[in-house]
Amino acid sequence: MGRPGLNRRQLLAGIGGLTVAGSFGFAALGTGADALASGADTRVRYWNLFSGGDGYNMISMLDSFREDNPGIDVKDSTLQWGNPFYTKLAMAAAGNRAPDLGVMHMGRVTGFSPGRLLDAWDVGLLAKYGVREEDYNPALWNRGVIDGKLYALPLDIHVQLCFYRKDVLKKADLLGDDGRMIPVTSTTEWFDVLKKARKAQKKGLQTIGLWTNDQNFQWWFFVAYYTQIGGTWFDDANTEVTFDTDKATEVLEFLRRHVTDGYVIPGAPTGEQFINGAPFTWEGNWSVPVFSGAELDYGATPLPPVFGEQATHAESHAFVLPHQAGRGGATNEAAHRLAAYIVQHAQQWAAGGHIPAHTPTLSTDAYKKLEPQNEYVSAMDHQATEPKVWFAGSTGVLAQDLGPVVVSSTMGSAKPDAVARRMKSRLATLLASKNPMDGHTAAQGGAVA
């Protein structure tokens, strides 16, 4: 496949604002340490960014793979989440010292110079091990396709959810006959629900946790509701900004009203308040193990479709093949086999709250019995994602640039209409800017193009 068209020095200069955490020791690179311990025929070096509960679940899945595939030794390394991980992965690929398998957020793939820093998956080889395109939600599968080639194999989607306390909502007469929160289809209905819940809740608690001063959560909530209201970002050619400031203002005003109407205590610990009896909190699905561990009587649903259309913010963990000049042979096949195995054995991964991407898992009896996962699995079919441009994705430039602006509106330091205009201006700047990974604008496409 040839070497990438940029060296480490060029890459670091281009990344600029990103921080390289740690050094390239054996623990990360797998050079030496993995050559000592195993007598397996093939070794796969695998980098991921999973810690906490996700880390434990991934380790368990890897142990199951090792037991079922004794001829393959997996050398797994967990690196620091966020930009430090992506910087290190990019440097390794640029220096031809990349691992055999890696994990990325799907939204970051377009900006990671597919074809230069990432190698394409062999879909025939994936099919050999039981993973096929038809077993995926089409929109999710296509997010990993660049220039007709698959560069990211989805493992899951992780979504923003509306968690609710059943004990409080029952007192407020807000539960349906099925024991779940009553449907909400407009902003008027939503604020009526909050008003009723506030009358039934404990005093001293907020009605809903909204992460009002967190730039990531506020950005995710904005993406969800801007998608619900039918907002767009750019034209198909990525040459013009189509961001609708009127629709954006309506969304920003909606988020702001939670504060002005007194349903939110800015800065309050959202998860702790929910555990202590707050009726609602908007959180990522990764909070499921926390709330279940606290033995709460609760449910979780996709963010309420207050603007009419179902849409809740979603990202995805996906397997990628970091670029190797000599990729191929038994090690490359083992990397395909490992990724396919984990994708198909994601029942345990679902215990962490994530929705498995491999749809056959969703139809199993075991998954259908998971609560509250079985309540929000429908989010797979109405994902609100960031635009497919190089500056998007988890902890990406787009979120870092616009997240604080959304916070300024929600917290009241700037007016929603002014913030909407500022967002459009910044989107225009980003659209004209060049990807530090390959020097192309969004309109010019990735390295392959």
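**A few local features to look at**

Hi everyone, let's start with N96, which is partly exposed because its relative accessible area is 31% (buried means under 20%, exposed over 50% and partly exposed in between, with a 1.4 Å probe and protein chains only). Before I go on, this is a predicted model, where local features need pLDDT of at least 70, side-chain atom pairs count only at pLDDT 80 or more, and totals for chains, interfaces and linings use all residues. Residues are numbered from 1 along each chain as its sequence is written, and side-chain values use heavy atoms, leaving out hydrogens and water.

Back to N96: although not a glycine, N96 has a positive phi of about 60 degrees. You'll find N96 in the loop between helix 4 (83–94) and strand 3 (101–105); helices (H or I, at least four residues) and strands (E, at least two) are DSSP runs, numbered from the N terminus.

Now for D147. D147 sits in the loop between strand 5 (145–146) and strand 6 (149–150), and counts as partly exposed because its relative accessible area is 46%.

Next, which residues does a cis peptide bond join? They are E371 and P372, with omega at about 5 degrees. P372 belongs to the loop between helix 16 (365–368) and helix 17 (373–376).

Last stop, K199. This lysine lies in helix 8 (residues 187–200), and K199 counts as exposed because its relative accessibility is 70%.
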